[in-house]
Amino acid sequence: MSIKVNYNNMMQHALGARGISDAELNEAQVLARSAHANAEAARGKGMQGWMDSPYDQDEVVARINATAERIRKTCENFVVLGIGGSALGPIAVFTALKHLYYNELPASVRKGPRFYVVDNVDPERMNALFDIIDVNNTVFNVITKSGATSETMSQYLIITDMLRRRLGDKARQHIIATTSEFKGNLIKLAKEYDYETFYIPEGVGGRFSELSPVGLLPAAVVGIDIAQLLKGARDMDEQCSSPDIARNPALALALLQYISVKQGKNIGVIMPYADSLKYIADWYSQLWAESLGKETDRRGNVVNVGQTPVKALGVTDQHSQVQLYNEGPYDKVITFIEVGNFRSDCVIPQGCEQYPDVNFLCGHTLGELMNKELYATRYNLTRRGRANYTIYLDKVDEYHIGALLYLMQLQTAYAGEMLDVDAYNQPGVEGGKNAAYALFGRQGYEQKAQEIRSAAPDDKKYIID
Ligand code: PA5
């Protein structure tokens with residue numbers, strides 16, 4: 001496995017008194033072992049079905065590849081409709097593994113459809129999409145596990161209405177549903193209109209679903225080798241089979257974050273040094289925040305836990321947020337993601353000998369500059385006692401991305417065990433969804449609507465107009 005985790009800069013020997021001591025880490029090993037044991041005991045059960053994803057999908061992978069092949073040959077555009085866990089993974093994997101200007105490449109180079117994800121209900125963006133795609137040559141993949149999410153179902157209604165008006169009975173050929181086999185409205189609609197359908201296993205929740213058909217179909221459509229994604233995940237799972245933090249990177253990272261939060265480090269910055277990994281930070285932020293930010297523990301005690309994830313991008317954010325990371329409160333842990341070998345590089349040419357302050361760059365490459373800047377930023381932060389660790393990827397390919405996603409899912413699951421929270425529910429999100437249903441007068445939400453109506457109105461004295 002060529003993913004390495006280096007957490008020297010979390011420890012006292014690098015950070016001084018602000019770091020974690022070996023004694024503290026040793027003492028916490030008991031917690032790590034029990035988190036590992038609990039996660040293993042629940043493997044494949046309840047909402048931990050995602051731990052089976054690397055192993056039990058041969059049949060569905062074959063079907064996904066066949067569908068993807070057909071779409072690649074016949075379509076100009078592939079559009080994902082979804083939100084949250086049903087969109088962030090597809091965006092992250094596409095950006096990580098495809099050309100950074102993929103949609104702008106000529107079709108002969110792309111060898112597959114242009115790829116879009118509509119993960120919001122901003123009307124301007126929806127209309128903008130219609131300005132650039134021909135729906136006759138487009139397949140829409142509607143992804144919603146619950147089959148009830150207002151945003152996704154609104155998008156679905158707009159798209160199907162348009163398709164039916166333009167294409168009549170042929171509209172069904174332009175929709176693929178990815179949803180629960182048993183619950184929700186999308187599966188009913190899929191049966192009624194005979195859409196091609198892929199199922200999201202019941203034990204796989206939104207933010208843990210990238211390695212299920214949610215992420216695998218969009219990835220395969222743009223030509224990503226999904227078997228390699230799953231192989232990377234499998235090998236990472238194998239690597240994390242040990243209950244010993246010295247051998248299990250996901251467990252070590254969960255424990256380090258757990259101890260850091262106890263020390264008051266309530267912000268977790270995720271900062272990849274590669275544009276291709278920019279949206280891995282978005283995906284991870286949802287995973288970490290929605291899984292661990294909880295009001296109560298599993299016994300019902302009010303705990304209000306969770307570390308706030310913050311997305312940053314190296315080197316871009318060195319010129320904005322890194323000032324705060326160096327000199328602001330000692331309340332952050334920074335996760336760097338380093339890439340050993342970029343898929344291509346750019347030499348900074350000679351030709352500026354007369355200006356030594358510029359000339360020092362000449363003859364080096366942008367890849368070198370990126371990684372030297374990471375080294376320098378990490379060095380500086382560490383010297384100032386700022387906690388950070390690095391996940392090192394030899395290169396960005398299917399295998400490593402599958403391994404990275406799985407590492408992060410496991411880290412989150414272990415952290416949930418350590419905090420003793422249910423990492424798989426999201427009552428806070430449901431609260432907002434229900435309030436929105438009530439505002440639209442949805443049947444069954446009358447009480448919520450009444451509650452909203454009787455809430456104290458805004459006081460004019462706090463409004464400036
Ligand atoms: O992680 C989650 O469960 C959520 O973020 C969901 O993915 C999101 O709310 C969308 O839900 P659904 O897939 O049911 O439309």
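Buried means under 20% relative accessible area, exposed means over 50%, and partly exposed lies in between. With that scale, this briefing covers cysteines and salt bridges in a predicted model. The whole structure contains zero disulfides, while the count of salt bridges comes to 22.

**Cysteines**

- A disulfide is a covalent bond between the sulfur atoms of two cysteines.
- Cys346 is in no disulfide, and the nearest cysteine sulfur, which belongs to Cys362, is 14 Å away.
- Cys346 has 42% relative accessibility, so this residue counts as partly exposed.
- Cys75, at 14% relative accessibility, counts as buried.

**Salt bridge within a helix: Lys73 and Glu69**

- Lys73 forms a salt bridge with Glu69, and their closest N and O atoms are 3.9 Å apart.
- Both residues belong to helix α3, which covers residues 58–74.
- Lys73 and Glu69 are four residues apart in that helix, so about one helical turn separates them.
- Lys73 is exposed, with a relative accessible area of 66%, whereas Glu69 is partly exposed at 38%.

**Salt bridge between loops: Arg172 and Asp194**

- The side chains of Arg172 and Asp194 meet in a salt bridge, with an N to O distance of 3.6 Å.
- This pair links distant parts of the chain, the two residues being 22 residues apart.
- Arg172 sits in the loop between α7 (150–167) and β5 (175–179).
- Asp194 sits in the loop between α8 (185–193) and β6 (196–199).
- Arg172 counts as partly exposed at 33% relative accessibility, and Asp194 is partly exposed with a relative accessible area of 47%.

**Buried salt bridge: Lys332 and Asp331**

- Lys332 forms a salt bridge with Asp331, and the closest N and O atoms are 2.7 Å apart.
- Lys332 has 9% relative accessibility, a value under the 20% cut-off, so Lys332 counts as buried.
- Asp331 has 18% relative accessibility and therefore also counts as buried.

**Salt-bridge network**

- A network of salt bridges links Asp297, Arg298, Arg299, Glu417 and Asp420.

Note on methods. Residues are numbered from 1 along each chain as its sequence is written. This is a predicted model: local features need pLDDT of at least 70, side-chain atom pairs count only at pLDDT 80 or more; totals for chains, interfaces and linings use all residues. Side-chain values use heavy atoms; hydrogens and water are left out. A disulfide is a pair of cysteine sulfur atoms within 2.5 Å. Buried means under 20% relative accessible area, exposed over 50%, partly exposed in between (1.4 Å probe, protein chains only). A salt bridge is a side-chain nitrogen of Lys or Arg within 4 Å of a carboxyl oxygen of Asp or Glu.
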